[in-house]
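Dear colleague,

Please find below the structure that I am handing over to you, together with its sequence.

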Amino acid sequence: MSLLAIHVLGSPVLRTETTPVAGITDDLRRLVDDMFDTMRAAQGIGLAAPQVGRLERIAVVDVDKDPIVLINPEIIVESGTERAEEGCLSIPDIYGDVTRSAQVTVRAMDLDGKVFEREASDLLARAFQHEIDHLHGKLFIDYLSFLKRRGVMARWEDLKEKYPGQRRILARATIPGSDEASHRDEIL
Ligand code: NI
């Protein structure tokens, strides 16, 4: 497994629609392995293919040590609303409250090519919605109010200097006590 560079806000791939996966290949399995590896190194709980510069319709999620691969996922049922803070591995150090469906059922394909359905609530439901948004070029900051979003973009003007080429290069070792570590439950 290897760590992949994470594309950050401003990289066009994050705004690009993905392409449905037609079949499972070795290349795809490797991508999924690398995505899990990268997500964990970054202390996130979800990661979508565009975040590592790929346009296959794939995301990985791991909430409460329950790794889930989502290939061609779609939300088929949703109910309720819930507002909570979110962050994104592609927009480091920026957080915001987002209202999402409280419960969802997702239909997706797994790495064996089998279609499955999975019901989720709370953080897992939020992770599913956040990652599926990524697969359609949408980011959590799109849900913020005009003023909040303007504030975020102003902050990002300074933060983005840390990411030359709009890429975030991870190291295996993470620094405990960093701002990200305290937020790790909400970074998707
Ligand atoms: Ni994200």
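In this predicted model, the side chains of Arg-57 and Glu-17 form a salt bridge, with N and O 2.9 Å apart. The two residues come from distant parts of the chain, 40 residues apart. Arg-57 sits in the loop between β2 (46-48) and β3 (58-62), while Glu-17 belongs to the loop between β1 (6-7) and α1 (26-41). Arg-57 has a relative accessibility of 14% and therefore counts as buried. Glu-17, at 41%, counts as partly exposed.

How many salt bridges does the count give? The total comes to 16.

A second pair, Arg-100 and Asp-133, also forms a salt bridge, and its closest N and O atoms are 2.9 Å apart. This pair likewise links distant parts of the chain: Arg-100 lies in strand β6 (residues 96-100) and Asp-133 in helix α2 (residues 122-134), 33 residues apart.

The salt bridge between Arg-29 and Asp-26 has an N to O distance of 3.8 Å. Both residues belong to helix α1, and because they are three residues apart there, about one helical turn separates them. Arg-29 is partly exposed, its relative accessible area being 35%, whereas Asp-26 is exposed, with 56%.

Beyond these pairs, salt bridges also join Asp-27, Arg-30, Arg-54 and Glu-56 in a network.

I would also draw your attention to Thr-38, which is located in helix α1. Thr-38 counts as buried, since its relative accessibility is 0%. Which backbone atoms does the side chain of Thr-38 approach? A polar atom of that side chain lies 2.9 Å from the backbone nitrogen of Leu-4, and the side chain also reaches the backbone oxygen of Asp-34 at 2.6 Å. When neighbours within four places in sequence are left aside, Thr-38 is in contact with Ser-2, Leu-3, Leu-4, Ile-6, Leu-47, Val-52 and Leu-170.

With kind regards

Key: Residues are numbered from 1 along each chain as its sequence is written. This is a predicted model: local features need pLDDT of at least 70, side-chain atom pairs count only at pLDDT 80 or more; totals for chains, interfaces and linings use all residues. Side-chain values use heavy atoms; hydrogens and water are left out. A salt bridge is a side-chain nitrogen of Lys or Arg within 4 Å of a carboxyl oxygen of Asp or Glu. Helices (H or I, at least four residues) and strands (E, at least two) are DSSP runs, numbered from the N terminus. Buried means under 20% relative accessible area, exposed over 50%, partly exposed in between (1.4 Å probe, protein chains only). A polar contact is a pair of N or O atoms within 3.5 Å; within protein, one must be able to donate a hydrogen and the other to accept it, and residues adjacent in sequence count only if both atoms are side-chain atoms. Contact means heavy atoms within 4.5 Å.
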